[in-house]
Amino acid sequence: MLTSGTTSVSRRLLGRLRDVMAGAGTAQERLDKVVTLIAADMVAEVCSCYVMRAGEVLELFSTEGLKSESVHQTRLRVSEGLVGDIAAHARPLALADAQAHPRFAYRPETGEEIFHSLMGVPIIRGSRVLGVLVVQNRTMRHYTEEEVETLETVAMVLAELVASGDLVNRSELVPVDGNAVLPLRLEGVRLNAGVGLGVAVLHRPRITVRRLVAEDPDIEIDRLNRALAAIKTELEELFSRPEMRDGEHRDVLETYRMFTEDKGWLNRIGEAVRTGLTAEAAVQKVHDDTRARMATITDNYLRERLHDFEDLANRLLQHLSGDDEDGPRGELPEAAILVARNIGPMELFDYDPKQLRGLVLEEGSTTSHVAIVARALDIPVVGRVKDVLDMIEPFDPVICDGDNGQVFIRPPDDIRESFIEAMSQRQQRLAIYARLRDLPAETRDGIRIGIFMNAGLLLDLQHLHESGADGIGLYRTELPFMARSALPNVDAQTMLYRKILDQAEGKPVVFRTLDVGGDKVLPYWNPSDEDNPALGWRSIRITLDRPAVMRQQLRALLRAAAGRELSVMFPMIAEVAELVHAREILDIEIAREKQVGGVPPSRVRVGTMLEVPALAFQLDALLPLVDFVSIGSNDLTQFLFAVDRGNPRIAERYDPLSPSMIRFMRHVADKCREYNVHLSVCGEMAGRPLDAMTLIGVGIRSLSVAAPAIGPVKTMVRSLDVEVLKPYLHSLLDSRDHSLRPKLRSFAIDHGVLL
Ligand code: PEP
Ligand code: MG
């Protein structure tokens, strides 16, 4: 049967190729043997291998059947002749009458005029064309699809030889512009915002352990201990750096330090040594076991934590095999985009952060330790880019677009230029926003708007002063909880909240109590299986049902504030009774602190999120009980329209700038004014200039937005005339439109409001 016969031919050929490739001789000699083998096996009179040289030139490197003097002489440009065409389009050609093809280019030095048929395939590695492999026959042979496939498989094996750097200098394999190198755009997810341009540096692949069997286990244990000690010294050095003073990335490395002392892990390595393995083989074995465990764990958070062990194992292997010299440190290009399957938080510090313009990962999640560290270092990160390592080569130009969760590999000039342009515009805008920093957020008709910042990590605090925000309108306390492996105790929480207040330097900070559940799962709390987690046991529902957690958090907040003002906000309150209940717990804690002689806050302000619509119908009962209200427009949109905010199919179906939502906002704004209760909006909506303009139009005077939105929102505020907007907006509220966005945008344009 043809198919199985063909397969067995290619398998036999592959076996022989493997022997030749692994055998003795220079790379050129091995290549010569390979082409002879292919010609014989495929019953072709000619087999030639062209290799891509610097400058997009394909050079004949080896041939069986063409004139030998043409080797290293015959050169074709990409696109020139049939060989050039195969390279240019990275696709095979099989022609019974090659000379009749319009692209045929005759090279007299080769003597190929007597060969009529030609089959050629690109030699590809990743998505880069490294050369072309060709067979030719005198007769007008019709090559079959199976034969094309066989040749493609052979070319894949050959790609390893070409890419090894033994045939042509590796530096020549650096890509150049042109269509032999296919540009790619890959989708991932945003793990840290920002855009970086640079060349690819592939994170060092795993170290291969060569010495497996030990002579003396005691010597191996000793080596292991020395390697561990060296890592601890490195960690100490890291901890002493100024950027490590505090922040969640410090917590991350603290956790990592704990791993170096993890008894279970060390014992398992010790046991493996005692079975006769070398220290490195033992580490490798335990490491492989861990990886196998990782594969069966579906919980992202736990997988991330196990990944830290993997990082540690890699580092140990590095020390044990003594091969620091090929480490990345010395060779990092000026602007590097680091590409890795995954990378540990400590490994990231092996690369000079000043030269790192971006990080691209095949794995990773927002709670990955490396993502937290990268955020601290302000490095854009795109994660979950499938198979990126197979598609990229060292020194490939890369754009890491963290803002949009995408990566461009070998981007064409136009894309590259538009990114450079966008980055420069962004720089200019940032410069304008920086100049705005000390100017008041006041409308043209003199209305002062409070612009606050949303934060969730200690490291966000640096933006508070840079941006000139009035304070922190929403501090999401759950995020630091997610960077740890266990619920932090009261002391740890107190320290964290104290640091936040210290760094806020007197600007107000609104701490929202733990808002977990739904999509925010803490690993140390078993998530229950719910059909509708967004409507499930989450947020205040959990902390009212588990008051010990709430009490500990409130205690820590009270202690951290000691003598300063404290603002506490409860999330997802759906009815006044819940707020009353939460407040009682707070009062118990205030009384308890008094009893034990703690220094109380100078004032405790209590507020609620308004994100469940039902609460809006109890404002007369609610408002006398609170100092402030903050509308969480993200959850509110979800509940008001009954639309899952995490479901991309419908998440955008309804617009917050719809008449119903704007009426809702106006109702709450009117009521809060009546009761003299401070009102703000802290969902994403508040950070979009047009939406923020509308909120101001219905009477909202405080917005809490992500740090990058502060400049744009302030720019809008300073160009707005509220008294002109108000009547127009009110005239739209009876509209039947799906969205008022187009009309409001036209208003902004007509009235010079800067969006
Ligand atoms: C909201 O729901 O609008 C909000 C600010 O809270 P989170 O996005 O954290 O749920
Ligand atoms: Mg919410």
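Two strands pair if DSSP finds at least two bridges between them. The views below show a predicted model.

**View 1. Strand E14 and its two partners.** Strand E14 covers residues 406-409. Strand E13 (residues 397-401) runs antiparallel to E14, and four bridges join the two. Within this pairing, Cys400 stands opposite Val407 of E14. Strand E7 (residues 184-187) also pairs with E14 in the antiparallel sense, again over four bridges. Here Arg185 has Phe408 in E14 as its bridge partner.

**View 2. The hairpin of E13 and E14.** Four residues lie between the two strands of this hairpin. Gly405 adopts a positive phi near 60° in the hairpin.

**View 3. The two faces of strand E14.** In a regular strand, side chains alternate between the two faces of the sheet. On one side of E14 are Gln406 and Phe408, and on the other are Val407 and Ile409.

**View 4. The largest nonpolar core.** This core holds 99 residues, of which Phe570, Met665, Met693 and Leu703 touch the most other members. Helix H18 (residues 547-561) makes the greatest contribution, giving eight residues to the core. Another core, of 50 residues, lies apart from it; Leu224, Ala281, Leu348 and Ile379 are among its members.

**View 5. The surroundings of Phe570.** Leaving aside residues up to four places away in sequence, Phe570 touches Thr513, Ile540, Met550, Leu554, Leu579, Ala582, Arg583, Val606, Gly607, Thr608 and Met609.

Notes
Residues numbered from 1 in each chain as written. Chains lettered and ligands numbered in written order. Predicted model: local features only at pLDDT ≥ 70, side-chain atom pairs only at ≥ 80, totals over all residues. Heavy atoms only, no water. Core = buried A, V, L, I, M, F, W, Y, C linked by side-chain atoms within 4.5 Å. Buried < 20%, exposed > 50% of the residue type's maximum accessible area, 1.4 Å probe, protein only. Contact = heavy atoms within 4.5 Å.
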